[in-house]
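Colleague: I am new to this structure. Please show me how to read it.

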Amino acid sequence: MKFIDIISEGTPFKNKCEIIITNNNGEEVNIDCEIPTTELEKLTGLMYRDNLCQNCAMYYDYVGSGFWMKNVNFPIDMIFVNGDTIVDIITAYPDDETILNPSEFSDGNIEVNVGFCEDNDISIGNTFYKS
């Protein structure tokens, strides 16, 4: 599939999972995630979309050299994880080309709507699992 096809079709990526975060109150917060798997999907991420649904996210099972917000049209919270623990949360803003990296080593990133962590009492040190 060509890059332009993904942009114009506007449909979510086919690979999905559910992530469950145990928040500060011991409650489980369920998030429906898309998982970019091809190089094109990884490069595209949340670009050119207008929003994410309330309990939706993009889950990257890597961090690599970081993330940026070029061509992303809405603010997000980046939840950086290592193993099964949240190690950093960074708010990212539309079209910011600054490379964002966690303050701690991280092996994954869950991208949710801005305010999702605050609204669901999620913070550094909370645990999660993927199903």
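Colleague: How many residues does the largest nonpolar core have, and which of them have the most contacts inside it?

Modeller: First, this is a predicted model: local features need pLDDT of at least 70, side-chain atom pairs count only at pLDDT 80 or more, and totals for chains, interfaces and linings use all residues. Numbering starts from 1 along each chain as its sequence is written, and side-chain values use heavy atoms, without hydrogens and water. A nonpolar core joins buried Ala, Val, Leu, Ile, Met, Phe, Trp, Tyr and Cys through side-chain atoms within 4.5 Å. Here the largest one has 19 residues, with the most contacts inside it at Leu-46, Ile-76, Met-78 and Phe-80.

Colleague: Which residues does Met-78 touch?

Modeller: Contact means heavy atoms within 4.5 Å. Beyond four places in sequence, Met-78 touches Phe-67, Met-69, Asp-88, Ile-89, Ile-90, Ala-92, Leu-100, Asn-109, Ile-110 and Glu-111.

Colleague: Is Asn-113 buried or exposed?

Modeller: Buried is under 20% relative accessible area with a 1.4 Å probe, protein chains only. Asn-113 counts as buried because its relative accessibility is 17%. Its place is in strand 6 (residues 108-113).

Colleague: What does the side chain of Asn-113 reach?

Modeller: The backbone oxygen of Leu-52, at 3.1 Å. Leaving aside neighbours within four places in sequence, Asn-113 also has Cys-53, Gln-54, Phe-74, Pro-75, Ile-76 and Asp-77 among its contacts. A polar contact pairs N or O atoms within 3.5 Å, one able to donate a hydrogen and the other to accept it; residues adjacent in sequence count only through two side-chain atoms.

How values were computed. Helices (H or I, at least four residues) and strands (E, at least two) are DSSP runs, numbered from the N terminus. Buried means under 20% relative accessible area, exposed over 50%, partly exposed in between (1.4 Å probe, protein chains only).
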